[in-house]
Amino acid sequence: MDALPQFDLVRPRTLGELVTARATHRDSRLIGGGTDLMVNIRRGIVVPPVLIDINGVTALRAIKADAQSLELGAAVTLAEVAAHPEMARHYPVVAQAAAHIAGPTQRNMGTVGGNLALDTRCIFYNQSEWWREANHHCLKTTGDICHVAPKSRGVCFATFSGDLAPALLTLDAEIDIAGPSGSRTVPLGELYIGFARQDEPVTETRGDGKYFLSLRAGEIITAVRAKNTPGLRSAYDKIRIRRSIEYPVTGVAVALRRDGGKLADLRVAFTGTNPRPVRLAGTAALCGGMLDERVFKELDALVRDQIMAMKTTFTPGHYRRRVAGVLARRLVQRLFAG
């Protein structure tokens with residue numbers, strides 16, 4: 001890695017100051033823990049002239065969890081989420097997802113906002129400058145081709161790998177956003193627009209691996225919130241080649257509700273497979289009856305249809321898609337059994 005380039009550091013103390021700083025410095029980047037951003041700066045992937053430290057903004061430090069709802073500020077650390085007793089009690093899928101992120105050092109520094117807005121990546125993008133230059137760069141930087149999908153017609157297939165997003169998607173979470181035009185609240189799923197379809201042009205609502213967030217210019221994620229669903233059981237698991245630091249083969253979040261011997265509600269979401277976190281569409285059709293082999297066959301079909309799973313350094317795409325289906329099945333079986 002190269003030495004850090006020169007940059008200015010801005011330290012706002014209020015949310016208003018943060019929004020103003022972001023609007024003033026249009027090429028700036030927000031920094032909480034910097035566990036992903038600083039690596040990309042050292043690799044020459046991004047060279048922001050200004051970094052805005054969010055850690056001094058008290059309004060972004062809220063962390064609450066009880067039987068009614070949860071709220072996480074953007075500057076809350078991943079370690080705080082994983083260790084919060086009420087989070088583990090009422091929203092285990094969120095606590096477990098936070099605990100699965102990288103290693104203890106990264107969790108002590110990394111933040112909720114940073115993980116929700118984690119940059120997409122691939123085996124060609126996340127490399128040193130000299131390596132990327134030798135391969136003529138890629139579509140996500142200054143190149144004109146997506147190396148992992150050379151026939152993609154100008155569509156970037158870099159993959160999203162944040163862990164909190166799929167967990168929170170199974171809880172129907174919402175995010176609070178602040179920006180120059182004011183504040184707004186949207187469903188978490190609307191934040192991610194990385195659909196990466198070769199038969200569709202990239203737009204503000206249907207993006208790819210390069211344009212994967214719907215945030216407008218100068219906007220900031222300030223918090224994520226979700227309400228508790230009585231009787232909902234949830235869990236998160238992830239497969240990695242190396243446990244603490246490796247890019248995931250896949251991460252899976254499952255939440256379900258059982259009514260006697262019947263499956264009453266099922267929600268399944270994935271990370272590490274597509275340019276966005278994917279909550280499976282069509283799971284409602286699997287509910288209403290016993291948890292039998294029919295349910296698992298149809299769940300496998302949904303995974304095959306909706307999970308993209310590009311190749312990584314260690315694993316081909318078809319293997320990762322298969323692992324995603326198997327991991328989802330195991331979580332469903334475990335949660336249904338109680």
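Which residue forms a salt bridge with D172, and how far apart are the closest N and O atoms? The partner is R279, and the closest N and O atoms are 2.6 Å apart. The points below take up this pair and its surroundings.

1. **Basis.** This is a predicted model: local features need pLDDT of at least 70, side-chain atom pairs count only at pLDDT 80 or more, and totals for chains, interfaces and linings use all residues. Residues are numbered from 1 along each chain as its sequence is written, and side-chain values use heavy atoms, with hydrogens and water left out.

2. **The D172–R279 pair.** A salt bridge here is a side-chain nitrogen of Lys or Arg within 4 Å of a carboxyl oxygen of Asp or Glu. D172 sits in the loop between helix 9 (164-169) and strand 6, while R279 belongs to strand 12 (residues 278-279), so the pair ties together parts 107 residues apart in sequence. Helices (H or I, at least four residues) and strands (E, at least two) are DSSP runs, numbered from the N terminus. D172 is partly exposed at 47% relative accessible area. R279 is partly exposed too, at 30%.

3. **The network.** R267 forms a salt bridge with D265, with the closest N and O atoms 3.0 Å apart. Both R267 and D265 are buried. Salt bridges that share partners join D172, D265, R267 and R279 into one network. The count of salt bridges by this rule is 18.

4. **A pair within a helix.** E86 and R89 also meet in a salt bridge, at 3.9 Å from N to O. They are three residues apart in helix 4 (residues 85-90), and therefore separated by about one helical turn. E86 is partly exposed at 27%. R89 counts as exposed, at 62%.

5. Five strands form an open sheet in the order 4-5-8-6-7, with antiparallel pairing. Strand 4 (63-65) and strand 7 (182-187) are the edge strands, each pairing on one side only. Neighbouring strands are turned by 20° against each other on average, direction ignored. Two strands pair if DSSP finds at least two bridges between them.

6. **Strand 8.** Strand 5 (residues 69-73) and strand 8 (residues 220-227) pair in the antiparallel sense over five bridges. L70 has A226 as its bridge partner in strand 8, and G73 has A223. Strand 6 also pairs with strand 8 in the antiparallel sense, over five bridges. There, A178 is partnered by I220 of strand 8. Six of the eight residues of strand 8 are buried, so the strand is largely enclosed by the rest of the structure. Helix 1 (residues 15-24) lies across strand 6 (174-179) and strand 8, running at about 130° to strand 8. Axes are lines fitted to C-alpha atoms, for helices over the stretch in contact; angles run from 0 to 180 degrees between N-to-C directions.

7. Nine bridges join strand 10 (residues 248-259) to strand 11 (residues 262-271). A255 stands opposite R267 in strand 11.

8. **Nonpolar cores.** A core is a set of buried Ala, Val, Leu, Ile, Met, Phe, Trp, Tyr and Cys residues joined through side-chain atoms within 4.5 Å. The largest has 40 residues, and L70, M87, V94, L116, L164, L168 and L188 touch the most other members. Leaving aside neighbours within four places in sequence, M87 is in contact (heavy atoms within 4.5 Å) with residues including K64, L70, L72, V81 and V94. A second, separate core of 26 residues includes L266, F270, L291 and V303.

9. **Helix 10 against helix 11.** The axes of helix 10 (residues 293-306) and helix 11 (residues 317-337) come within 10 Å and cross at roughly 145°.

Terms used: Buried means under 20% relative accessible area, exposed over 50%, partly exposed in between (1.4 Å probe, protein chains only).
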